[in-house]
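I opened this notebook to record what I looked up, entry by entry. The structure is placed here for reference.

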Amino acid sequence: MANTKSKAKTGRQRSEFLWGWLFILPTTIGLVVLNIIPIFQTIYQSFFKTGDFGKGNIFVGLSNYEKVFGDKEVWQALINTLKYAIVEVPFSIAIALVLAVLLNRKMKGRSVYRTIIFLPMVAAPAAVAMVWRWLFNSDFGLINNVFKVHVNWVSSPQIAVFSVAVIGVWSIIGYNMVLFLSGLQEIPRDYYEAAEIDGATGVNAFFHITIPLLSPTLFFVLVTRVIGALQVFDLIYMVIDKSNPALSKTQSLVYLFYKYSFVNKNMGYGSTIVVLLLAITMIITVFQMIGQKKWVFYN
Amino acid sequence: MEGMEARKRMMNVLIHGILIIVSITMLVPFLWMVLTAFKSVTEATSVNPFTIFPKVWRMEAFTAVIDNMNFLLLYKNTLLLIFFRVLFAVLTATMAGYAFGRLTFPGRNLAFSLVLFQMMVPVQIFIIPQYLMVSKMHMLNTIFALVFPGMVTAFGTFLLKQGYMSLPRDLEEAARLDGCNIGQTFLYIMAPLTRSSMVALGIFTAVFAFKDLMWPMIVNTDKEMLVLSSALAKMQGQYVAKFPELMAASLLACIPMIIIYVIFQKQFIEGIATSGGKL
């Protein structure tokens with residue numbers, strides 16, 4: 001009796017093993033070939049210099065890294081990326097949060113508002129960037145003509161990166177809002193009812209109930225938005241021309257990565273820049289993970 | 001009591017006011033895209049007086065970009081990119097998600113750590129080696145090149161695993177007692193139950209395949225193999241001051257996805273919410 005039971009068990013185990021590996025094989029092979037090996041190849045590539053017609057790959061040791069740390073263009077690109085993130089992340093989260101709270105009730109037009117606010121999410125960034133560039137046009141643009149100003153929104157080195165960040169905020173609010181709305185729906189109504197009895201309504205309830213109970217969602221959106229903002233490329237590439245005087249003050253790290261790897265064909269230096277981006281992303285994410293203990297509540 | 005009612009009404013007006021202002025902000029760029037696309041260059045760039053609506057709704061900008069850009073081909077390439085990305089993502093993630101979520105076997109945790117690891121690193125770190133692979137296979141400027149990095153999906157695998165884990169445990173037990181092997185249990189019982197996760201992943205994959213710019217720009221440079229986003233990037237340099245044509249092209253690029261979105265808005269929003277929120 002015991003014998004047949006254990007036999008059945010090993011049979012079951014063997015079949016789970018075979019089916020399990022059969023099912024995960026495509027994904028596992030794909031991940032190894034498309035992602036895991038490329039990570040090491042990129043790191044390896046960062047010790048080489050490529051390009052210079054006919055010379056192929058030349059081992060240069062750490063000199064790409066020495067160059068990166070002394071490269072003013074790279075440091076400026078890092079500053080530009082951080083400036084972009086510092087505008088995009090907090091504004092897109094704060095506005096989306098307020099909208100989600102306003103929409104988290106039975107009201108007329110709820111789904112119409114939600115549909116409209118989410119709309120930018122389904123538009124291609126290439127098209128979005130072209131329209132905003134046209135809206136921002138200093139001579140003929142809607143914004144300058146309606147508000148009767150003459151601001152060089154996207155060609156002034158001081159403000160161009162912030163103008164691009166405004167486009168980023170506009171594009172992503174709907175996405176954040178939808179995530180917050182689904183987080184808010186998990187908060188039981190009784191919490192608010194209990195708070196109302198204690199006299200906490202409106203703003204008070206927002207800070208004492210909504211924020212703490214939504215904090216896991218808030219944290220998730222914050223981490224993913226920071227990572228996304230650090231990788232900004234499409235909007236900058238589309239809005240800022242190669243001849244734009246604001247280019248050096250707007251180009252992001254990923255923009256430089258693209259330029260070095262695929263325009264200048266120096267994949268070694270491009271790899272070094274992306275390894276730098278990896279390091280920065282990881283450092284910031286680790287800090288956020290440590291910081292979450294102070295404000296994120298899981299029940 | 002009457003004061004309470006009045007205050008409540010005031011609040012309601014205020015809330016709708018805020019939502020209407022935000023909605024207008026979201027719509028204005030799209031409206032301006034449409035209005036400019038139907039203008040002539042002179043009308044689009046007239047400042048004194050500044051014109052909002054075109055006096056005559058002209059189709060010239062549309063005919064010009066359709067003549068020059070071969071939109072049918074762009075739609076076809078974009079559609080194929082989306083179709084194969086969605087197909088591969090849903091297929092591989094459905095299988096892997098089941099094994100990771102419901103089966104126990106040696107090597108599972110190690111393999112799953114690859115999934116988690118992939119999700120934590122910036123995607124740009126894969127791009128140069130992926131490009132070199134496609135290039136060595138002599139597959140640049142093909143539909144295959146467009147689809148290549150999306151053949152498997154760590155994110156989708158994670159999403160589907162969560163979907164399977166939320167199903168009740170006794171389902172498989174019952175199937176096993178009815179004589180189903182693991183493959184049959186998966187195919188006939190478990191996989192159909194995760195349809196909502198599959199739809200969510202499909203929508204998510206489709207939207208991001210449609211929006212992707214850098215990868216199509218790198219691998220497909222031939223005019224015949226561009227997709228909507230990379231074609232827009234290419235045309236921008238050539239049509240510097242032809243604003244109506246730039247807007248007409250943007251509109252043509254966006255309109256199919258917008259129409260699909262408006263029809264399936266509920267699925268879109270829920271799909272994005274579940275896939276984004278599950279992580």
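**Entry on helix 11 of chain A.** I began with helix 11 of chain A, residues 253–263, in what is a predicted model. Nine of the eleven residues in this helix are buried, among them Leu253(A), Tyr255(A) and Phe262(A). I then looked up what these buried residues pack against: helix 3, helix 9, helix 10 and helix 12 of chain A, together with helix 6 and helix 12 of chain B. After the helix comes Lys265(A), which has a positive phi, near 60 degrees.

I found Lys259(A) paired with Glu73(A) in a salt bridge, with the closest N and O atoms 2.9 Å apart. Glu73(A) belongs to helix 3 of chain A and Lys259(A) to helix 11 of chain A, so the pair ties together parts 186 residues apart in sequence. Lys259(A) counts as partly exposed because its relative accessibility is 23%.

**Entry on chain B.** Which residue does Arg102(B) meet in a salt bridge? I found Glu172(B), at 3.0 Å from N to O. Arg102(B) lies in helix 4 and Glu172(B) in helix 9 of chain B, 70 residues apart. Arg102(B) counts as buried because its relative accessibility is 5%, under the 20% cut-off. Glu172(B), at 9%, is also buried.

**Entry on confidence.** I noted that chain B averages a pLDDT of 92. Within chain B, confidence is lowest in helix 15, at a mean of 78, and highest in helix 7, at 97.

Conventions:
Residues are numbered from 1 along each chain as its sequence is written. Chains are lettered from A and ligands numbered from 1 in the order in which they are written. This is a predicted model: local features need pLDDT of at least 70, side-chain atom pairs count only at pLDDT 80 or more; totals for chains, interfaces and linings use all residues. Side-chain values use heavy atoms; hydrogens and water are left out. Buried means under 20% relative accessible area, exposed over 50%, partly exposed in between (1.4 Å probe, protein chains only). Helices (H or I, at least four residues) and strands (E, at least two) are DSSP runs, numbered from the N terminus. Contact means heavy atoms within 4.5 Å. pLDDT is the predictor's confidence in each residue, from 0 to 100. A salt bridge is a side-chain nitrogen of Lys or Arg within 4 Å of a carboxyl oxygen of Asp or Glu.
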